[in-house]
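Please open the model in your viewer and get your selection tool ready. We will begin with the whole chain and then stop at two residues.

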Amino acid sequence: MCDSKCGGMGHKCAPVKIGKLLLIVGGLNWGLIGAGMLSGAPADAWNVVHTLLAGVPALEALVYILVGVSAVVKLVGCKCKKCMAVNCDSCESCSTGGQKKM
């Protein structure tokens with residue numbers, strides 16, 4: 001994990017931060033869906049996204065698409081100037097996993 005001196009995690013662009021949040025929401029949602037299926041509940045009973053946005057199917061689809069796009073961006077990495085400027089491997093704390101080199 002980067003410390004504040006190297007500028008790593010705290011200086012990513014807003015889309016990356018939003019993408020991280022969407023991946024967390026998507027992962028938790030899928031976990032709840034799986035738990036609901038194991039409990040014998042109907043498929044949409046524990047689907048939080050569907051429960052919150054069921055009145056607007058297009059908005060629900062948009063959330064699912066954004067979660068998918070976030071996963072692709074996480075896989076390939078963000079190529080914007082702000083994210084490309086962050087080079088955590090250059091600071092000693094990050095390149096050693098937060099441990100001091102001996």
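Helices here are DSSP runs of H or I with at least four residues, while strands are runs of E with at least two, and both are numbered from the N terminus. Keep in mind that you are looking at a predicted model.

**The whole chain.** Colour by secondary structure: you will find five helices and zero strands in the protein. Followed from the N terminus, the order reads α-α-α-α-α. The accessible area of the protein is about 7500 Å², and carbon and sulfur atoms account for 70% of that. Of the 102 residues in the protein, 20% are buried. For contacts in the protein between residues at least 6 apart in sequence, 45% link residues at least 24 apart.

**First stop: Ser70.** Select helix H3, residues 57-76, and pick out Ser70 within it. Is Ser70 buried or exposed? Ser70 has a relative accessible area of 10%, so it counts as buried, the cut-off being under 20%. Next, display what surrounds this residue: beyond the neighbours within four places in sequence, Ser70 contacts Gly19, Leu22 and Leu23.

**Second stop: Val16.** Move on to helix H1, residues 14-38, where Val16 sits. With a relative accessible area of 26%, Val16 is partly exposed. Which residues does Val16 contact, leaving aside its neighbours within four places in sequence? Show Cys78 and Cys83 to see them. Finally, draw a distance between the C-alpha atoms of Val16 and Cys80: these residues are 64 apart along the chain, and the separation is 9.9 Å.

Terms used
Residues numbered from 1 in each chain as written. Predicted model: local features only at pLDDT ≥ 70, side-chain atom pairs only at ≥ 80, totals over all residues. Heavy atoms only, no water. Buried < 20%, exposed > 50% of the residue type's maximum accessible area, 1.4 Å probe, protein only. Contact = heavy atoms within 4.5 Å. Areas by Shrake-Rupley, 256 points an atom, 1.4 Å probe, with all protein chains shown as cover.
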